[in-house]
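Visitor: I have a structure open here and would like to go through it with you. Could we take it piece by piece?
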Amino acid sequence: MPDDHPAAALRVTVDPKEAELTVFHCFELGATAIGEQRVGDVVELTVGLDSTAAADALAGALPMLVRCQLEALTVSADDRSGRAPLVAETIADGFRIVPVGTADDATDELTRVEIDAGPAFGHGGHPSTKLALRALDRLELDGRKVLDLGTGTGVLAIAAAKRGATVTAVDNDPSAISVAAANIAQNDVGERVNCVESDATIGFDEHDVMVANMTLSGQRIVADTPARTEPIIVLSGLLCRQVRSVVDLYPQHDLCEILSEGDWAAVTLRTAASG
Ligand SMILES: C[S@@+](CC[C@H](N)C(=O)[O-])C[C@H]1O[C@@H](n2cnc3c(N)ncnc32)[C@H](O)[C@@H]1O
């Protein structure tokens, strides 16, 4: 797992409207930490990576996904490339996401999820995470088996476990699995969440609900897995314009709900048998 000293770093300059999407793509392309700063009319992202090879790969792929300027940064041992600390936030009136170590006096009616994001994606502030949490908030999860594909910090897995589900939390990034395991322990749901380092293409035992917050390319990989038979499927990480093509990947399921925030969308799909 990378420590607080990234081996390589890039400065990515983007239009503020593109910043969230760029952060999302950077994590999907291997970033281990991202700092964000508004500078005049642009946003500068300081993107930390595990290796110069990872930085080169990101620098090659990112300009095909967003309009941006890239600059390699010199990394010293003193560099810190963490994201700005978040404040506690209530999502969908149901979940309360609290950065570890933050004092919080919210009421007990909210399901509290404590997160230390470290280098992983999913501190709770990104619209794609919020939308997934809002979709989960609307489901009856008590006693259900939930599969969280691309767990990142474990935020969705922990939220579901705190609502009484037993959860399989999967990520193919070992550093995310370490962060998720620590957050699962912090939230005292270790008996309910099984954290698995694996690719999402692996078939897992039957689950009642599958949730996946990934970009379109990740969603295609997830949908291609032959045993994708969960009666309820929550997909986030979609841009609004991608909803139709992602829903079409699940011909056995009906589209039940679309949630959106800005350019981002999440969908809930169900089979007729899902009740
Ligand atoms: C956008 S983050 C979502 C994190 C968290 N679930 C949330 O909602 O905030 C996507 C996660 O999916 C993981 N991921 C991407 N492709 C994957 C794959 N093919 N198999 C397993 N995990 C994958 C990434 O490592 C990353 O942690």
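Predicted model: local features only at pLDDT ≥ 70, side-chain atom pairs only at ≥ 80, totals over all residues.

Visitor: Let us begin with α1. How many of its ten residues are buried?

Guide: Eight of the ten residues of helix α1 (residues 19-28) are buried, so that the helix is mostly covered. Those residues are Ala19, Glu20, Thr22, Val23, Phe24, His25, Cys26 and Phe27.

Visitor: Which residue just after α1 takes a positive phi?

Guide: That residue is Gly30, with a phi of about 110 degrees.

Visitor: Now the open sheet. What is the order of its four strands?

Guide: The order is β2-β3-β1-β4, and the pairing is antiparallel. β2 and β4 (69-73) are the edge strands, each pairing on one side only. From one strand to the next, the twist averages 20 degrees.

Visitor: How many bridges join β1 to β3?

Guide: Seven bridges join these antiparallel strands. As an example, Arg11 has Thr46 in β3 as its bridge partner.

Visitor: Where does α1 lie relative to those strands?

Guide: Helix α1 lies across β1, β2 and β3, and it runs at about 10 degrees to β3. Helix α2 also packs on the sheet, where it touches β1, β3 and β4. The direction of α2 makes about 20 degrees with that of β1.

Visitor: Changing topic: do β9 and β10 pair in the parallel or the antiparallel sense?

Guide: Strand β9 (residues 166-171) and strand β10 (residues 193-197) pair in the parallel sense, over five bridges. Within this pair, Thr168 stands opposite Asn194 in β10.

Visitor: Through which helix does the chain cross from β9 to β10?

Guide: The chain crosses through helix α5 (residues 174-186), and this β-α-β crossover is right-handed.

Visitor: Is the crossing left-handed or right-handed, and which residues make the contact?

Guide: α3 passes α4 in a right-handed crossing. On the α3 side the contact is made by Thr129, Ala132, Leu133 and Leu136, and on the α4 side by Val155, Leu156, Ala159 and Ala160.

Notes. Residues numbered from 1 in each chain as written. Buried ≥ 20, exposed ≤ 12 C-beta atoms within 10 Å, placed from the backbone. Helix = DSSP H or I, 4+ residues; strand = E, 2+ residues; numbered from the N terminus. Pairing = 2+ DSSP bridges. Axes fitted to C-alpha atoms, helices over the stretch in contact; angles between N-to-C directions. Contact = placed C-beta atoms within 7 Å. Right-handed = clockwise from strand over helix to strand, strands pointing away. Left-handed = near helix turned anticlockwise from the far one by under 90°.
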